[in-house]
Amino acid sequence: MTLDMVRPLPPELTEDIQWPINVGMVSKLSGLTPKMVRHYEAQGLLGEIQRSGGGYRLYSRDDVDTLRFIQHCRSVDFSLDDTEKLLKMWREGGDNCLAAKELADRHIELLECRIAEIEFMKQALRELTSQCGTGEDCPVIDSMSGKAAPPAKSPYHGCCGLTSSLRNV
């Protein structure tokens with residue numbers, strides 16, 4: 001699998017555009033919703049955005065490229081903090097490959113932990129659903145309500161923060 005990491009926008013998409021552009025056009029060019037464009041701006045990832053006389057945001061070609069970079073980072077689930085670090089490396093240019101690799105390697109470890117935790121949860125639910133239909137009580141509902149023993153906690157529980165974010169606890 002390869003990612004289309006911030007390649008220039010095809011000329012046919014941009015040749016007739018009058019820069020700067022509004023958030024709707026930025027959304028079309030970046031693949032992000034207007035709400036997410038404004039969110040990333042509020043997070044400080046875009047820098048100072050130009051405003052029209054009426055106060056509307058006006059985005060440059062660099063802003064679109066930055067948003068596309070952010071979208072690619074988020075598509076592989078980099079955190080906002082890690083996205084900001086990678087964005088800084090990209091903007092600085094130069095030899096940041098080793099630092100980017102270290103960041104990506106740590107992210108891979110996190111993803112592996114999350115995958116293990118999800119696999120454990122999936123197996124716990126499969127064990128409960130395999131008992132469904134064998135009596136009056138529902139093993140899934142009984143386990144979730146506390147009437148029966150809850151599913152076992154994953155040995156990976158909390159190693160990557162996924163369990164708590166999935167269960168909002």
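Q: Is the crossing of helix 4 and helix 5 left-handed or right-handed?
A: This is a predicted model, in which local features need pLDDT of at least 70 and side-chain atom pairs count only at pLDDT 80 or more, while totals for chains, interfaces and linings use all residues. Residues are numbered from 1 along each chain as its sequence is written, and side-chain values use heavy atoms, with hydrogens and water left out. A crossing counts as left-handed if the near helix is turned anticlockwise from the far one by less than a right angle, and as right-handed if clockwise. The crossing of helix 4 and helix 5 is right-handed.

Q: How is helix 4 oriented to helix 5?
A: Axes are lines fitted to C-alpha atoms, for helices over the stretch in contact, and angles run from 0 to 180 degrees between N-to-C directions. The axes of helix 4 and helix 5 cross at roughly 135 degrees and come within 10 Å. With under 35 degrees counted as roughly parallel, over 145 as roughly antiparallel, 65 to 115 as roughly perpendicular and the rest as oblique, this makes helix 4 to helix 5 oblique.

Q: How many charged residues does the contact of helix 4 with helix 5 have?
A: Helix 4 contributes Asp65, Thr66, Phe69, Ile70, Cys73 and Arg74, and helix 5 contributes Leu80, Thr83, Leu86, Leu87, Trp90 and Arg91 (contact: heavy atoms within 4.5 Å). Ala, Val, Leu, Ile, Met, Phe, Trp, Tyr, Cys and Pro count as nonpolar, Asp, Glu, Lys and Arg as charged, and the others, Gly among them, as polar. By class, the contact has seven nonpolar and two polar residues, and the number of charged ones is three.

Q: How is helix 2 oriented to helix 4?
A: The axes of helix 2 (residues 23–30) and helix 4 (residues 61–75) come within 9 Å and cross at roughly 50 degrees. That makes helix 2 to helix 4 oblique.

Q: Which residues of helix 4 meet helix 2?
A: Helix 2 passes helix 4 in a right-handed crossing. From helix 2, Val26, Leu29 and Ser30 take part, and they meet Val64, Leu67, Arg68 and Gln71.

Q: Which residues of helix 3 make the contact with helix 2?
A: Helix 2 and helix 3 pack at about 95 degrees, with their axes 9 Å apart. That makes helix 2 roughly perpendicular to helix 3. On the helix 2 side the contact is made by Val23, Val26, Ser27 and Ser30, and on the helix 3 side by Pro34, Val37 and Arg38.

Q: What arc do the buried residues of helix 3 cover?
A: In helix 3 (residues 34–42), Val37, Tyr40 and Glu41 are buried (under 20% relative accessible area; exposed is over 50%, partly exposed in between; 1.4 Å probe, protein chains only). They lie on the same side of helix 3, because the arc, taken from the directions from the helix axis to the C-beta atoms, is only 105 degrees.

Q: What is the relative accessible area of Leu46?
A: Leu46 is found in the loop between helix 3 and strand 1. Leu46 touches residues including Val37, Tyr40, Glu41 and Arg91. Leu46 is buried, its relative accessible area being 7%.

Definitions and conventions:
Helix = DSSP H or I, 4+ residues; strand = E, 2+ residues; numbered from the N terminus. Lists of a residue's contacts leave out its neighbours within four places in sequence.
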